[in-house]
Amino acid sequence: MKISITAPAKINLSLDALYKREDGYHEVEMVMTTIDLADRLFLERLDEDKIVLDVKAHFIPEDRRNLIYQAALLLKNRFNINMGVRITIDKHIPVSAGLAGGSSDAAAALKGLNIIWELGLSIEEIAEISSEIGSDIAFCVYGGTALATGRGEKISALPNMPGCWIVLAKPSISVSTPTIYKELQVDNVEHPNTEKMVESIKNGDLDGIFASTGNVLESVTLEKNPQVKRIKDRMLAFGAEAALMSGSGPTVFALIKQYSRAKRVYNGLRGFCEEVYMVRPWSESENDTIN
């Protein structure tokens, strides 16, 4: 059996950290949505009991350091699977960008392996298992738009993001998520209005969404990396209705109603930043396939 499955990137429309928990993680409230910038995974069931990764991208491990490998190993051990899998990844989401590329790939792998190894797991069971690998993966299992709480693993589905244009720009730097959270001072930052964001999404109120964006991690990342702030300022100067860093960065995204204005923002950033994308909220128009 061979299947292909899509792994879309996500952006954080709002990201709030409320306090540091006893387990060392932060209690978070995040509103996230998937976008139509996506990787594609191709899975082939093998008779031989081994996990083979073929990552068609530089700087991505093909061993136990990869979340996809960890996802496959977790399922093999939990359900005593004695067959193998070859997973080929066609990579389009920038690496270490705050767009959950690795988490989305792991989520897609879990969903794909559930099919080719005939495990019969529900989407809820897959999401629960995924939290053993990473906090972001549960959201990626569900996709769409959702409120994530706890460590990020508790997912409450929301209506789809209203139609708009999204321009992404990733500077050529890397950001350490644990370091950013470690330096975050939750008592000394402006917290986004998560309730207002959720209400705006439920009402399909694009202007309300624009007005409610916020990310407490900007207080650390933008201070440590001025080029990230320059990208955000540039987006707003070119006419974006809202601009925000996704996750711990360094990618910044602009939300824009009109195509012509989005194109202006996109063109204005291309000479300033190597990796620039113009996308839409995820529509699930690209179907997964099974052969």
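A polar contact, for this tour, is a pair of N or O atoms within 3.5 Å; within protein, one must be able to donate a hydrogen and the other to accept it, and residues adjacent in sequence count only if both atoms are side-chain atoms.

What you have open is a predicted model, where local features need pLDDT of at least 70, side-chain atom pairs count only at pLDDT 80 or more, and totals for chains, interfaces and linings use all residues. Residues are numbered from 1 along each chain as its sequence is written, and side-chain values use heavy atoms, with hydrogens and water left out.

**Whole chain.** Start with everything selected. You'll find ten helices and twelve strands (DSSP runs numbered from the N terminus: H or I of at least four residues for helices, E of at least two for strands). The C-alpha trace spans about 55 × 45 × 35 Å along its principal axes. Of the 291 residues, 56% count as buried, meaning under 20% relative accessible area with a 1.4 Å probe, protein chains only.

**Helix H2.** Now select residues 101–116. The end C-alpha atoms of H2 are 22 Å apart, in agreement with the 22 Å its 16 residues should span at 1.5 Å a residue (the expected span is 1.5 Å times one less than the number of residues). Because 13 of those 16 residues are buried, H2 is largely enclosed by the rest of the structure. Step just past H2 to Glu118, which takes a positive phi of about 55°.

**Helix H9.** Zoom in on residues 226–237. Which residues of H9 are buried? Pick Val228, Ile231, Lys232 and Met235. They sit on the same side of H9, because they cover an arc of only 95° around the axis, taken from the directions from the helix axis to the C-beta atoms. The buried residues of H9 pack against strands S7, S9 and S10 and helices H8 and H10. Following H9 is Gly239, with a positive phi near 115°.

**Lys232.** Finally, show this side chain. Lys232 counts as buried at 17% relative accessibility. Its side chain makes a polar contact with the side chain of Glu218, at 2.8 Å. Leaving aside neighbours within four places in sequence, Lys232 is in contact (heavy atoms within 4.5 Å) with Glu218, Leu222, Ala243, Leu244 and Val252.

Terms used:
Buried < 20%, exposed > 50% of the residue type's maximum accessible area, 1.4 Å probe, protein only.
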